[in-house]
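This report describes one protein chain, from an annotated site to the chain as a whole. Please look at the sequence and the 3D view before reading on.

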Amino acid sequence: ADPVLVAIDGPAGSGKSSVSRAAAARLGFGILDTGAAYRALAWAALQTGADLDDEASMLALLDAWHYSITLLGAQRVEVELGGAPARHDVTAAIREHAVSGQVSRVSKHPEVRERLNAMFRRIVAESGLPGVVIEGRDITTVVAPNAPVRILMTASPEVRAQRRAGELAGMSQEQVLADIAARDAKDAQVVDFMHPAPGVRLVDTSDLDFEQSVEAVVGIVREVS
Ligand code: C5P
């Protein structure tokens, strides 16, 4: 049987990644972080010197790469680039500022999005798991619009900056706020992830702590399935 899908969208710092991960663990589901693939593609482009703004170059990279991500337990992301058979563990590298600051340049290309969306659907279908939480920006609207559970997770810009600053040691809160505001602004030109599409449940975590946010998601899933 196909896995039960829980689609979660939201901006950086909404709690989406950590809450989705904990909710998936509690449900016995896998977790697919789609942003990791966009980050890995940006990493690959930076690594090979390809032009991130050139869609054809990004598609050529996608033709040649092998991408793998673990859906259970600690997430590991690995990339193999064509011509260089070595496997790169990019789990940590894709979280660095060098990648975060450039990733919107690769995620803006429509055909890149289509190719990655097809890859996400394949990863879920082949997972062999009872359920998968899939999180990103366009999951509720494009990747899995028919998922039985669709959630948009939000939080105020101030709360999001506070949470991110806690994760990124050495950066001031102002710097973090400026960074995520800039990335959200670029990303929002491609996908509207700030407003729930019809039928999508809004979970605002501004006044929820981590545990309450996880409970909110798990509660919605249990209500529906
Ligand atoms: O979720 P995360 O912040 O790791 O996503 C990194 C980047 O990947 C986003 O800033 C966005 O440009 C892109 N992304 C996307 N669509 C998704 C997930 C991520 O465009 N479904």
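## Annotated site and overall fold

Ser18 is found in helix H1; helices (H or I, at least four residues) and strands (E, at least two) are DSSP runs, numbered from the N terminus. The model is predicted: local features need pLDDT of at least 70, side-chain atom pairs count only at pLDDT 80 or more, and totals for chains, interfaces and linings use all residues. Residues are numbered from 1 along each chain as its sequence is written.

Pro11 lies in the loop between strand S1 (4-9) and helix H1 (16-27).

A residue is buried if 20 or more other C-beta atoms lie within 10 Å of its own, exposed if 12 or fewer, and partly exposed in between, with C-beta atoms placed from the backbone.

| Residue | C-beta neighbours inside 10 Å | Class |
|---|---|---|
| Pro11 | 21 neighbours | buried |
| Ser18 | 14 neighbours | partly exposed |

Leaving out residues up to four places away in sequence, Pro11 touches Arg160, Asp184, Phe193 and Met194; contact requires C-beta atoms, placed from the backbone, within 7 Å.

The protein chain has 10 helices and eight strands. Of its 225 residues, 39% are buried. The C-alpha trace spans about 50 × 45 × 30 Å along its principal axes.

Conventions. Two residues are in contact if their C-beta atoms, placed from the backbone, lie within 7 Å.
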